[in-house]
Amino acid sequence: QADVAGDLEKVLVTEEQIAGRLAELAEQIAADYEGRDLLLVGVLKGAVMVMADLSRALRIHVDMDWMAVSSYGSGTKSSGVVRILKDLDRDISGRHVLVVEDIIDSGLTLSWLLANLRSRQPASLEVAALLRKPEAAKVDVDVRYVGFDIPEEFVVGYGLDYAEKYRNLPFVGTLAPHVYR
Ligand code: PRP
Ligand code: MN
Ligand code: MG
């Protein structure tokens with residue numbers, strides 16, 4: 001069985017860069033939410049790695065809940081059609097909610113999700129995303145905490161998949177074209 005990293009063209013964000021940036025964001029988040037009860041909402045499945053590492057970098061009490069939505073299916077382009085595969089376990093009204101995402105690409109998933117969550121009347125609603133592709137934005141979403149702005153390339157690893165693979169890479173990289181062509 002070939003090494004999974006053999007399907008990559010290049011590494012875009014290293015393990016060390018991810019850890020360093022998440023530590024910075026965690027410090028900012030801990031300061032911003034001081035004295036408030038924070039609920040982290042991870043967006044399955046892509047946000048699993050960010051949620052695990054960002055929450056551990058935070059030295060404050062947090063609750064965690066999860067939503068599973070999918071807009072991509074198995075392709076490389078966002079369809080814009082968002083499906084809730086799993087909803088939150090608890091009510092978020094009056095809660096300070098921080099949505100944790102791996103990537104904002106077109107922004108369609110997140111803008112849909114934010115509208116959905118806002119209707120449940122949280123006390124506050126913000127977003128932390130490890131990656132953002134500014135050139136790919138189809139809708140503007142206000143994201144308070146961004147790890148890295150990256151170019152418009154198809155990236156995998158650290159939670160991000162191509163046809164459900166590559167999520168387990170500890171870094172973010174671009175897929176070699178021969179893999180998806
Ligand atoms: C990916 C990614 C984001 C979203 C970003 O999720 O994890 O949630 O797409 O794309 P957008 O900004 O263009 O909407 P996906 O729908 O592939 O589900 P997954 O997290 O289970 O992989
Ligand atoms: Mn996702
Ligand atoms: Mg996906």
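Two strands are said to pair if DSSP finds at least two bridges between them, strands being DSSP runs (E, at least two residues) and helices likewise (H or I, at least four), numbered from the N terminus. The structure shown is a predicted model, in which local features need pLDDT of at least 70 and side-chain atom pairs count only at pLDDT 80 or more, while totals for chains, interfaces and linings use all residues. Residues are numbered from 1 along each chain as its sequence is written, and chains are lettered from A and ligands numbered from 1 in the order in which they are written.

**View 1. The open sheet.** Six strands form an open sheet in the order β4-β3-β2-β5-β6-β7, with mixed pairing. Because β4 (83-86) and β7 (145-149) stand at the edges with a single partner strand each, one side of each lacks a neighbour in the sheet.

**View 2. Strand β5 and its partners.** β2 and β5 pair in the parallel sense over five bridges. V41 stands opposite V99 in β5, and the bridge partner of G42 in β5 is V100. β5 and β6 also run parallel, joined by eight bridges; here V97 has L125 in β6 as its bridge partner. Eight of the nine residues of β5 are buried (20 or more other C-beta atoms within 10 Å of a residue's own, with C-beta atoms placed from the backbone; 12 or fewer is exposed, and in between is partly exposed), so the strand is largely enclosed by the rest of the structure.

**View 3. Helices against the sheet.** α1 lies across β6 and β7 and runs at about 155 degrees to β7. α2 lies across β2, β3 (62-70), β5 and β6, running at about 155 degrees to β2. The buried residues of α2 are M49, V50, M51 and L54, and they pack against α1, β2, β3, β5 and β6.

View 4. A128 is in contact (C-beta atoms, placed from the backbone, within 7 Å) with L25, I29, L54, L98, V100, R144 and Y145, not counting residues up to four places away in sequence.

Note on methods:
Contact = placed C-beta atoms within 7 Å. Axes fitted to C-alpha atoms, helices over the stretch in contact; angles between N-to-C directions.
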